[in-house]
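Here's a quick briefing to read alongside the model. Have the sequence and the 3D view open as you go.

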Amino acid sequence: MKKFRSLLIALVALLFASVSLQAAPYDPPTWRDSTWDYRSEDPGDTTELSIAKGVGVASTVLIAYGAAYWLVFHKGWWDEQGNDFHFENDFDYALNLDKLGHFASGVMMGETFYEAYRWAGISEFNSYLFAGLSAFATHVAIDVKDGFAPKWGFSVFDVLSGTLGGFLPMAERYVPVFKYVDLKWSYWINTKAYYRQSDTGVFTDDYCNQTFWASFKVYRLLPKAARAYYPSWLALAAGLSIDEGVFTDDPHPHREVYIALDYDLEAFRPQSRMARTIVKYLNYFKLPAPTVQVYPEFHWYLLYPIKF
């Protein structure tokens with residue numbers, strides 16, 4: 001189906017999983033205020049560049065890419081007759097919600113590459129920088145291959161979306177505005193419209209069951225005097241999805257807009273490096289919560305994305 005890129009990313013993340021949660025020895029800090037300085041590395045983290053670890057990271061990436069080719073692309077359009085290289089910007093696909101999907105995949109790649117580079121002993125700033133560049137290079141490689149596909153093409157905007165996602169972890173560390181908002185994703189199968197017309201059934205292309213969120217950390221936005229009266233973990237999120245009409249014969253598919261309560265897991269202030277890494281990944285997923293659909297119709301859901 002639509003380029004299979006997220007399966008590649010999932011495989012990379014799986015192979016890096018055993019690496020990403022490791023950390024250099026350090027004394028548990030008592031100064032950390034996770035409300036404002038959640039992503040910074042701990043003082044006393046004396047990680048030094050390790051050639052052996054660097055080679056291990058590079059080897060893992062190459063193995064992951066090779067395995068992804070044989071497990072995913074080799075069974076896809078590559079078995080068919082290819083075309084000359086060409087560009088294609090598919091602005092009519094999934095009402096452009098797929099661009100948010102590429103962005104989200106870039107985010108996961110950026111986080112995973114960062115953990116791997118940091119584990120190898122590269123400095124914090126350079127790990128974030130190289131992680132973003134690695135996400136960019138990966139998306140370029142995938143789209144170059146798509147450029148020869150008979151059904152697809154090289155999409156500049158797909159690459160741009162994935163690259164911006166790859167640099168989001170760096171922005172969350174160094175750009176103050178990102179201390180007040182999280183970008184999240186939720187998925188639940190409420191309709192089988194996509195699977196009824198899909199040849200592959202890759203869930204990452206099931207955009208009518210996906211919602212992309214901007215979750216605002218209300219506690220951090222409040223004046224200091226008001227924070228004593230508001231739960232630090234309670235956030236407010238705005239979400240965007242599409243209806244099943246994009247995968248049926250509906251001539252007028254539409255976007256859907258949601259407003260929901262959300263949970264800021266960082267507010268629980270995990271102190272250890274491993275706990276913060278786990279929470280960092282979990283916080284990209286929008287957990288079920290009371291939600292109101294405000295466009296194009298009004299609906300109330302108790303635990304969206306589960307619709308009941």
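Rings of Phe, Tyr and Trp (its six-membered ring) count as a pair if their centres lie within 6.5 Å, with planes under 30 degrees apart called stacked, over 60 edge-to-face and the rest tilted. On that basis, Tyr114, Phe125, Tyr128 and Tyr174 make up one aromatic cluster. Bear in mind that this is a predicted model, where local features need pLDDT of at least 70, side-chain atom pairs count only at pLDDT 80 or more, and totals for chains, interfaces and linings use all residues. Residues are numbered from 1 along each chain as its sequence is written, and side-chain values use heavy atoms, with hydrogens and water left out.

**Aromatic pairs**

- The structure has 16 aromatic pairs.
- One of them is Tyr93 with Tyr207, an edge-to-face pair at 6.1 Å centre to centre and 85 degrees between the planes.
- This pair links distant parts of the chain, 114 residues apart: Tyr93 sits in the loop between α3 (51–71) and α4, and Tyr207 in the loop between α8 (193–197) and β2 (210–216). Helices (H or I, at least four residues) and strands (E, at least two) are DSSP runs, numbered from the N terminus.
- Tyr93 is buried at 15% relative accessibility, and Tyr207 is buried at 3%. Buried here means under 20% relative accessible area, exposed over 50%, and partly exposed in between (1.4 Å probe, protein chains only).
- Tyr187 and Phe203 form a tilted pair, because their ring centres are 5.5 Å apart and their planes meet at 55 degrees.
- Tyr187 is in strand β1 (residues 181–187) and Phe203 in the loop between α8 and β2, so this pair ties together parts 16 residues apart in sequence. Phe203 counts as partly exposed, at 37% relative accessibility.

**Helix α4**

- α4 has 23 residues and spans 34 Å from its first C-alpha to its last, close to the expected 33 Å at 1.5 Å a residue. That expected span is 1.5 Å times one less than the number of residues.
- Of the 23 residues in α4, 20 are buried, so the helix is largely enclosed by the rest of the structure.
- Just after α4, Gly121 takes a positive phi of about 100 degrees.

**Around α6**

- Asp158 belongs to helix α6 (residues 156–166) and is buried, with 0% relative accessible area.
- Ala149 lies in the loop between α5 (124–147) and α6, and is buried at 0% relative accessible area.
- The C-alpha atoms of Ala149 and Asp84 are 8.2 Å apart, although 65 residues separate the two along the chain.
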